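Work through the exercises below with the model open beside you. Try each task before you read its solution.

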Amino acid sequence: MILINTDYISGKELEMLGLVKGSTIQSKHIGKDISQSFKTLVGGELKSYNEMMNEARALATKRMVAEAEAIGADAIVNIRYASSAIIQGAAEVIAYGTAVKFTK
């Protein structure tokens, strides 16, 4: 499966199959949440939340790819990611793009 953020793949003719997406909502346990809250007082990278968001993007991407494979796609073009806070310490990540099939 080819994943790309442009709307074309050089040298390939594409048949658009439709929108595919994957999403997840992630949070850290209360202990990590409290420790990261203290970190905001002194500044610096919030590594625990960074890890959480990386895991969320990976899971959302995996779910998007599974949806594309289910409809016979060879690639996903024009991939985008979006995130939003659900509650303090929890975020939703969505990955979406256009599933395509190679015609030649």
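**Exercise 1. Find the bridge partner of Ile25 in β4.**

Solution. In β4, Ile25 has Glu92 as its bridge partner. Strands here are DSSP runs of E, at least two residues long, and helices are runs of H or I, at least four long, both numbered from the N terminus. Now widen the view: β2 and β4 pair in the antiparallel sense over 13 bridges. Two strands pair if DSSP finds at least two bridges between them.

Residues are numbered from 1 along each chain as its sequence is written, and side-chain values use heavy atoms, leaving out hydrogens and water.

**Exercise 2. State the strand order of the open sheet and name its edge strands.**

Solution. The four strands run in the order β1-β3-β4-β2, with mixed pairing. The edge strands are β1 and β2, since each pairs on one side only.

**Exercise 3. Is Thr24 buried or exposed?**

Solution. First, locate Thr24: it lies in strand β2 (residues 14-27). Its relative accessibility is 6%, so Thr24 counts as buried. The cut-offs are under 20% for buried, over 50% for exposed and partly exposed in between (1.4 Å probe, protein chains only). Then list its contacts (heavy atoms within 4.5 Å). Describe the setting of Tyr96.

Solution. Tyr96 sits in strand β4 (residues 90-102). Its relative accessible area is 33%, so Tyr96 is partly exposed. Leaving aside neighbours within four places in sequence, Tyr96 is in contact with residues including Leu19, Val20 and Met64. Tyr96 and Ser23 are 73 residues apart in sequence, but 8.6 Å apart in space, C-alpha to C-alpha.

**Exercise 4. Which element has the lowest mean pLDDT?**

Solution. pLDDT is the predictor's confidence in each residue, from 0 to 100. Helix α1 (residues 30-42) has the lowest mean, 50. Where pLDDT is low, the predicted coordinates should not be read in detail.

Definitions and conventions. Predicted model: local features only at pLDDT ≥ 70, side-chain atom pairs only at ≥ 80, totals over all residues.
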